[in-house]
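Have the sequence and the structure open as you read.

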Amino acid sequence: FDELYRAGKVELEVVPQGNLACRIQAAGMGLGAVFTPTGFGTLLAEGKETREIDGKDYVLEYPIKADFALIKAYKGDRWGNLVYRKSARNFGPIMAMAADVTIAQVSEVVELGELDP
């Protein structure tokens, strides 16, 4: 990665975890962008649009969309309904929403109607 980064062949962006989740959610919901206070006035906001809303300063963050998401779930059915456990609940559901195609590894495949709505 270091060699590719230094050669300018890959890009690196440092993003606070909350902003990362927010940007992924924005993509999953079809939003164009979101304003967040996290990072305002720091190097992370350098070169980004900022705005004051109701007396508070925000940074404009654009969605992060994926072509493919590889996620892990506890249970799933043949229609793609999934149940997550533990830390898989943090990013699994939002990555599934933000990707064009989601591939899920599940511990248990259940019949349709077995999962709680």
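This is a predicted model: local features need pLDDT of at least 70, side-chain atom pairs count only at pLDDT 80 or more; totals for chains, interfaces and linings use all residues.

## Sheets and a surface patch

Looking at one pair in detail, E2 and E3 (residues 56-61) are held in the antiparallel sense over four bridges. In E3, Lys56 is the bridge partner of Ile53.

There's also an open sheet of three strands with the order E5-E4-E6, and here the pairing is mixed. Strands E5 (82-83) and E6 (99-109) are at the edges with a single partner strand each, so one side of each has no neighbour in the sheet. E4 (residues 66-76) runs parallel to E6, and nine bridges join the two. Within E6, Glu108 is the bridge partner of Lys75.

| Strand pair | Sense | Bridges |
|---|---|---|
| E2 and E3 | antiparallel | four bridges |
| E4 and E6 | parallel | nine bridges |

Now for the surface. Which residues make the nonpolar surface patch of about 510 Å²? They are Phe1, Tyr5, Leu12, Val14 and Leu44. Tyr5 sits in helix H1 (residues 2-6). Is Tyr5 buried, partly exposed or exposed? With a relative accessible area of 40%, Tyr5 counts as partly exposed, because that class lies between under 20% for buried and over 50% for exposed.

Methods. Residues are numbered from 1 along each chain as its sequence is written. Side-chain values use heavy atoms; hydrogens and water are left out. Two strands pair if DSSP finds at least two bridges between them. Patches are made of residues with over 30% relative accessible area and no salt bridge: like charges are joined within 9 Å, nonpolar side chains (Val, Leu, Ile, Met, Phe, Trp, Tyr) within 5 Å. Accessible areas come from the Shrake-Rupley method with a 1.4 Å probe; for residues, only the protein chains shown count as cover. A salt bridge is a side-chain nitrogen of Lys or Arg within 4 Å of a carboxyl oxygen of Asp or Glu. Buried means under 20% relative accessible area, exposed over 50%, partly exposed in between (1.4 Å probe, protein chains only).
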